[in-house]
Amino acid sequence: MITCAIWRCGGISHSHVSVTVYHAKQCDPKKCTTLKLKRHNLVRVVHRVRELPRGAVILNPFTPKAFSPADQEQLKRGGLAALDCSWVHAKEVFDLSSHWISRCLPYLVAANPVNYGKPTKLSTVEALAAALYIADFREQAEELLSKFKWGPQFITLNKQLLEDYAQAKDSTEIIKVQNDYINQSASY
């Protein structure tokens, strides 16, 4: 029997994570990474927070626990979710996310044209790709980023950090890697 990974053309392979994004319609639709991913059928977009799948790991910068490879099994079961909304209203939107497993991403540098080179100012596609990469769904991460001219640069800019995060066991080790990197960078 020959197995075939067909998720790129619409089928589902064993290594595919369901990705859902709450879109608050607060951004310029021409520049929105979420809407572009939707046009390529790479994410499911919802317009009500309660439509996010229960049990999903939701990327939330206001939560104290860091995303880590230990979240991989939960991603397989419940999927990955993100909230695409203005930072002005983000806190109130994230406060509504009590039915999901909230995780914040560790220190990474943006490659998107609006925030290029700025730490932690990731676009939605960068955040999703970072989580997928850390949890060892690298092909899916690269597929998301490939839809943007600047997308592959995100992995290039953060390659060593992403590799180190992917080797961490859990959230505690992620924080250690992050802090070691920040302290080492500060000493230069």
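Q: Hi! Is Asn60 buried or exposed?
A: Asn60 is buried, at a relative accessible area of 6%; buried means under 20%, exposed over 50% and partly exposed in between, with a 1.4 Å probe and protein chains only. This is a predicted model, where local features need pLDDT of at least 70 and side-chain atom pairs count only at pLDDT 80 or more, while totals for chains, interfaces and linings use all residues. Residues are numbered from 1 along each chain as its sequence is written, and side-chain values use heavy atoms, leaving out hydrogens and water.

Q: Where is Asn60 found?
A: Asn60 is in the loop between β3 (57–59) and α2 (72–78). Helices (H or I, at least four residues) and strands (E, at least two) are DSSP runs, numbered from the N terminus.

Q: And what does its side chain reach?
A: The Asn60 side chain reaches the backbone nitrogen of Phe62 at 2.8 Å.

Q: Switching topic: which residues touch the most other members of the largest nonpolar core?
A: Leu80, Leu128 and Phe154 do, in a core of 44 residues. Such a core is a set of buried Ala, Val, Leu, Ile, Met, Phe, Trp, Tyr and Cys residues joined through side-chain atoms within 4.5 Å.

Q: Which element gives the largest share of this core?
A: That's α4, with 9 residues.

Q: Nice. How many disulfides are there?
A: A search of the whole structure finds 0, counting pairs of cysteine sulfur atoms within 2.5 Å.

Q: What about Cys32, buried or exposed?
A: Cys32 is buried, with a relative accessible area of 5%. Cys104 is buried too, at 14%.

Conventions. A polar contact is a pair of N or O atoms within 3.5 Å; within protein, one must be able to donate a hydrogen and the other to accept it, and residues adjacent in sequence count only if both atoms are side-chain atoms.
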